[in-house]
Amino acid sequence: MNNPSAIASVRPLRGEEAFVYGLKERAKRQHCLAYATFSIEMDRIEALRKQYSRAIAPITNVALAVKAMALAVERNPEVNAILFRGLVGPRIVQFREVDVNLPVTRLIGSRALTFVGTIRGAPAKSLAAIQRELTQYQRCPPEDSASIRRVLWFDGKPLWLARLVHFWMGRSPSFYIRNVGTCGLTLGAGHHEHSFPVAPTSAVFGLGGAAREPVVRAGEIAIARVQKCSLMIDNYVVPGLVAERLIHDFKTLLESGSFVEEELRAARDRQAVAP
């Protein structure tokens, strides 16, 4: 007789899975996670994305979200800080540059590998430059990516080694920043509305599903493409009022598309003065 509850396989948690597990384990153990949800109307930013893709270079919504997050964090520098452990107790370390993390999953050989890609100094980079880095993470040979090589280094190694690395990352700001960035962005897939991220940073935006739905504009009902979003903050570092400002700035940047318009205007100005 077949046993429907029979165990099919057992494998220890090791390698890159242990490293990714350690990120979430450290977030739960060391940080005070709090969440907020909100929605963004995408019609205007989508039109500007298409205009940018025609006029300058093809870009995706991920590049737009990375740049918007970087600018929002730059406007709220209290968020660009992380809680670290120390010999005499916890300490909050603030960073000068805004480096945006995001998880990347791609096939390496026959296996799906998830690693952390980091866009360093994102506020100062153009959307085209951000998109080039995102594409590089997805398509480059594994040996050309330090982020991929770092994760593959853990291949076959035991869980305790990943825990040792995370132990040091939670205590050494310089070691931490060499490996990852200062804030994060996660991307949902499928038809769910909200994605609730977990990460050992002080702010992570989670982008969920997008669909056309009714919205109110100037007292009138309209149909718009709306994306559901969430924000995870470390409440040890980021007060609620600062988190509200961060959401407001991120939402305003994406709904207005002002940073896309600035790049388009600069491109037109360059063309006007070109011989």
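A salt bridge here is a side-chain nitrogen of Lys or Arg within 4 Å of a carboxyl oxygen of Asp or Glu. With that in hand, here are some notes to read beside the structure, which is a predicted model.

1. **A network of charges.** Glu41, Asp43, Arg212 and Arg217 are joined to one another in a network of salt bridges. If you are browsing for charged pairs in general, the whole structure contains 12 salt bridges.

2. **Arginine 217 with glutamate 41.** How accessible is arginine 217? Its relative accessibility is 36%, so arginine 217 counts as partly exposed. Glutamate 41 is also classed as partly exposed, because its relative accessibility is 22%; the cut-off for buried is under 20%.

3. **Arginine 245 with glutamate 78.** A salt bridge also brings together the side chains of arginine 245 and glutamate 78, at 3.0 Å, N to O. Here a helix is tied to a loop: arginine 245 belongs to helix H8 (residues 240–256), while glutamate 78 sits in the loop between helix H3 (61–75) and strand E2 (81–84), and the two are 167 residues apart. Arginine 245 is partly exposed, with a relative accessible area of 38%. Glutamate 78 is partly exposed too, at 35%.

4. **Glutamate 213 with lysine 228.** Is each partner buried or partly exposed? Glutamate 213 is partly exposed, with a relative accessible area of 23%. Lysine 228, by contrast, is buried at 14%, since buried means under 20%.

5. **Threonine 118, a buried polar residue.** Strand E5 (residues 111–119) holds threonine 118. This threonine is buried, its relative accessible area being 6%. Which side chain does threonine 118 meet in a polar contact? The partner is the side chain of asparagine 101, at 2.9 Å. Leaving out residues up to four places away in sequence, threonine 118 touches Asp99, Val100, Asn101, Glu133, Tyr137, Asn179, Val180 and Gly181.

6. **Helix H5 and its buried face.** Helix H5 covers residues 146–153, and Ser147, Ile148 and Val151 are buried in it. Looking down the axis of H5, you will find these buried residues within an arc of 95°, so they line one face of the helix.

7. **Helix H6, its buried side.** In H6, the buried residues are Leu161, Ala162, Val165, His166 and Met169. Why can they be placed on the same side of H6? Because they cover an arc of only 135° around the axis.

8. Trp160, Leu164, Phe167 and Trp168 make a nonpolar surface patch of about 480 Å². One of them, leucine 164, lies in helix H6 (residues 159–169). Leucine 164 is partly exposed, with a relative accessible area of 48%, and the cut-off for exposed is over 50%.

9. **Arginine 14, ahead of the helices.** You will find arginine 14 in the segment before helix H1 (15–30). With a relative accessibility of 39%, arginine 14 counts as partly exposed. Apart from residues up to four places away in sequence, arginine 14 touches Gly156, Lys157 and Pro158. Its C-alpha atom is separated by 19 Å from that of arginine 106, which is 92 residues apart from arginine 14 along the chain.

10. **Arginine 132 on helix H4.** Finally, helix H4 (residues 127–139) includes arginine 132. Arginine 132 counts as exposed, its relative accessibility being 56%. How far apart in space are arginine 132 and alanine 57? Their C-alpha atoms are 9.7 Å apart, while the two residues are 75 residues apart in sequence.

Key
Residues are numbered from 1 along each chain as its sequence is written. This is a predicted model: local features need pLDDT of at least 70, side-chain atom pairs count only at pLDDT 80 or more; totals for chains, interfaces and linings use all residues. Side-chain values use heavy atoms; hydrogens and water are left out. Patches are made of residues with over 30% relative accessible area and no salt bridge: like charges are joined within 9 Å, nonpolar side chains (Val, Leu, Ile, Met, Phe, Trp, Tyr) within 5 Å. Accessible areas come from the Shrake-Rupley method with a 1.4 Å probe; for residues, only the protein chains shown count as cover. Helices (H or I, at least four residues) and strands (E, at least two) are DSSP runs, numbered from the N terminus. Buried means under 20% relative accessible area, exposed over 50%, partly exposed in between (1.4 Å probe, protein chains only). The arc is that of the directions from the helix axis to the C-beta atoms. A polar contact is a pair of N or O atoms within 3.5 Å; within protein, one must be able to donate a hydrogen and the other to accept it, and residues adjacent in sequence count only if both atoms are side-chain atoms. Contact means heavy atoms within 4.5 Å.
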